[in-house]
Amino acid sequence: MTVGRGFRFPPEQWEARRRTARVAWASIVLLTSGAVALALAVGQSQAMKTAWVSDIVTAIPPAAMLLAMRYELRPPTRRFPWGYLRAVSIAFLVTAGVTS
């Protein structure tokens with residue numbers, strides 16, 4: 001593990017990261033397709049509209065995780081001398097805010 005030039009994971013964790021990204025993309029696709037199916041059945045029911053909004057919001061946590069994984073391994077800058085390693089913590093914060 002190095003911090004000065006960037007963070008590097010061991011090879012077995014790279015595979016876990018790839019698997020996490022695949023699961024996140026699958027979650028986004030399935031949740032979005034479910035929301036689209038629900039949108040087709042909403043009609044004028046306020047309860048169904050609320051369920052539809054709830055379904056749309058559930059796609060935010062996997063998207064936040066993908067975004068955090070993209071930023072996490074960026075090299076350190078003058079503004080962020082330790083890099084962007086805490087990006088995943090922000091994704092967990094977003095997830096906590098969405099699910100509460």
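This report walks through the fold, surface, core and a few selected residues of the protein chain.

## About the model

This is a predicted model, in which local features need pLDDT of at least 70 and side-chain atom pairs count only at pLDDT 80 or more, while totals for chains, interfaces and linings use all residues. Residues are numbered from 1 along each chain as its sequence is written, and side-chain values use heavy atoms, with hydrogens and water left out.

## Overall fold

Let's start with the whole chain. The protein chain has four helices and zero strands, and its elements follow the order α-α-α-α from the N terminus. Here helices (H or I, at least four residues) and strands (E, at least two) are DSSP runs, numbered from the N terminus.

How does the radius of gyration of the protein chain compare with that of a compact globule of 100 residues? The chain has 18 Å, whereas the globule would have a value near 13 Å. The radius is taken over C-alpha atoms, and the globule rule is 2.2 Å times the number of residues to the power 0.38. Along the principal axes, the C-alpha atoms fill a box of roughly 55 × 30 × 20 Å.

Of the contacts in the protein chain with a separation of 6 or more, 52% are between residues 24 or more positions apart. A contact means heavy atoms within 4.5 Å.

## Surface and charge

Among the 100 residues of the protein chain, 21% are buried. Buried means under 20% relative accessible area, exposed means over 50%, and partly exposed is in between (1.4 Å probe, protein chains only).

The accessible surface comes to about 7400 Å², and carbon and sulfur atoms account for 66% of that surface. These areas come from the Shrake-Rupley method with a 1.4 Å probe; for residues, only the protein chains shown count as cover.

The protein chain carries 12 positive and 4 negative charges, and their mean positions lie 11 Å apart. Lys and Arg count as positive and Asp and Glu as negative, with His and the chain ends not counted. Each charge is placed at NZ of Lys, CZ of Arg, CG of Asp or CD of Glu.

## The nonpolar core

Which residues form the largest nonpolar core? The five are A64, A68, A87, V88 and A91. Two or more residues of this core come from each of α3 (60–72) and α4 (87–99), and α4 gives the most, with three residues. A nonpolar core is a set of buried Ala, Val, Leu, Ile, Met, Phe, Trp, Tyr and Cys residues joined through side-chain atoms within 4.5 Å.

Leaving aside neighbours within four places in sequence, A64 is in contact with A91 and V94.

F9 sits in the segment before α1 (11–41). Is F9 buried or exposed? F9 counts as buried because its relative accessibility is 16%. Beyond its neighbours within four places in sequence, F9 contacts W14, R17, E72 and L73. F9 and L73 are 64 residues apart along the chain, yet their C-alpha atoms are separated by 9.5 Å.

R17 belongs to helix α1 and is buried, with a relative accessible area of 13%. Not counting residues up to four places away in sequence, R17 touches F9, M69, E72 and L73.

With a relative accessible area of 17%, L38 is buried. Leaving out residues up to four places away in sequence, L38 touches M48, A51, W52 and D55. The C-alpha atoms of L38 and K49 are separated by 8.7 Å, with the two residues 11 apart along the chain.

T77 lies in the loop between α3 and α4. At 35% relative accessibility, T77 counts as partly exposed. T77 and D55 are 22 residues apart along the chain, and their C-alpha atoms are separated by 37 Å.
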